[in-house]
Amino acid sequence: MKRATWFLMLSLALIAAGAAGGCGSPKKDAADTQNAEATPTPELPADVKDVAAVAKPEGSGATGEAPSAAGTSAPSVAEDASSTNTVNATGELVSPVTSEVAVRTPGRVGKVFVDEGDRVRRGQPLLTLETQYLALDLKRADAEVSRAKAMAADAERDFKRKEDLVAKGSVARAAFDRSQSNYQAAQAGVESAEAARDLARQKLADAVLQSPISGVVAERKTAAGERLGDNTVAFVLVQTSPLKLRFQLPERYLARVRRGQAVRANVDPYPGETFTGRVSVIGGVVDPQTRTVAVETEFPNSDGRLTPGLFARVELDLGPSVEG
């Protein structure tokens, strides 16, 4: 019995000793870790030092953390559009003048000289009415002027004779008065005949319809042989030089827009080409829906390449910003 008890105690002692040998002491583990950290890192070969320097930028820690913001050159933030000197917009080219042209006197169209899309100059003939009867009216009016002048000349001679005779007492005063009245009536007849002649001449001139502006024919509404009345529109003309460009700007730019400021525009028909104009009108009312203000600019367009209705990309040079 004593031997069995001793054997059991010996077995438990051996098991406890084995467990103690497999588990290291915490103090010993900490010491081992400190000794490993104290071991110096072997120096890198010379041919790989440069590669290591690139892989590990200056200022980065040993733990691989990113360098601080002070040691980097991040891109600058975009400047607020309200402080720039230019602003971009989109607008439409419009004609400052649209003219519906009609003949002054009724008549039948004799010949049309222009068609839609043609460019015209101020004073250029657009069409002419049939003028045969107008020419006859002018010829008759000229004849009436000649007859009136002849009658006036005869009345003047009679008046001067009577004037001499009445001074000598050789003719009655009543005869002299009648002669004077006839002479004055003959003079009035000349003036009336001349007025009728001038009217016939003007009608003949008005038979040729001329362009009141320089521009382009937007619409042609008549043809040869058609009869035109007093208010019948024959053509619609639009002025093309200068042209106006209208667009909207946000209200924050209102204090920086001035008349005469330079404006540059690009249109799709002429890619890569820039047209230059000036600010001519600045709207005085802000649209409550869009919070924008209307701006109107003027382009000379002396070569006539720009046409009304084109959309344009606008770049406007602004004045200095207004400090609050």
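Modeller: In this predicted model, strand E1 is joined by 4 bridges to strand E10, residues 243–250, and the two run antiparallel. Within that pairing, Leu 93 stands opposite Leu 245 of E10. E1, which covers residues 86–94, also pairs with strand E14, residues 311–317, in the antiparallel sense, here over 7 bridges. In this second pairing Ala 89 faces Val 314 of E14. In a regular strand, side chains alternate between the two faces of the sheet.

The largest pocket has a volume of about 230 Å³. It is lined by 14 residues, and the closest to its centre are Arg 104, Asp 206, Val 208, Leu 209 and Gln 210. Strand E2 (98–102), helix H5 (173–206) and strand E6 (208–210) are the elements that give two or more residues to this lining. By type, the lining of the largest pocket divides into 7 nonpolar, 5 polar and 2 charged residues.

The second largest pocket has a volume of about 170 Å³. Among the residues that line it are Thr 105, Pro 106, Glu 130, Tyr 133 and Arg 227. Strand E3 (107–112) and helix H4 (132–168) each supply at least two residues of this lining, and H4 gives the most, with 3 residues. The lining of the second largest pocket divides into 3 nonpolar, 3 polar and 3 charged residues.

Key. Residues numbered from 1 in each chain as written. Predicted model: local features only at pLDDT ≥ 70, side-chain atom pairs only at ≥ 80, totals over all residues. Heavy atoms only, no water. 1 Å grid on protein atoms, 1.4 Å probe; cavity = no way out; pocket = protein on both sides within 12 Å on 5 of 7 lines; lining within 4 Å. Points joined across faces, edges and corners; volume = space filled by probe spheres on them. Nonpolar A, V, L, I, M, F, W, Y, C, P; charged D, E, K, R; others polar. Pairing = 2+ DSSP bridges.
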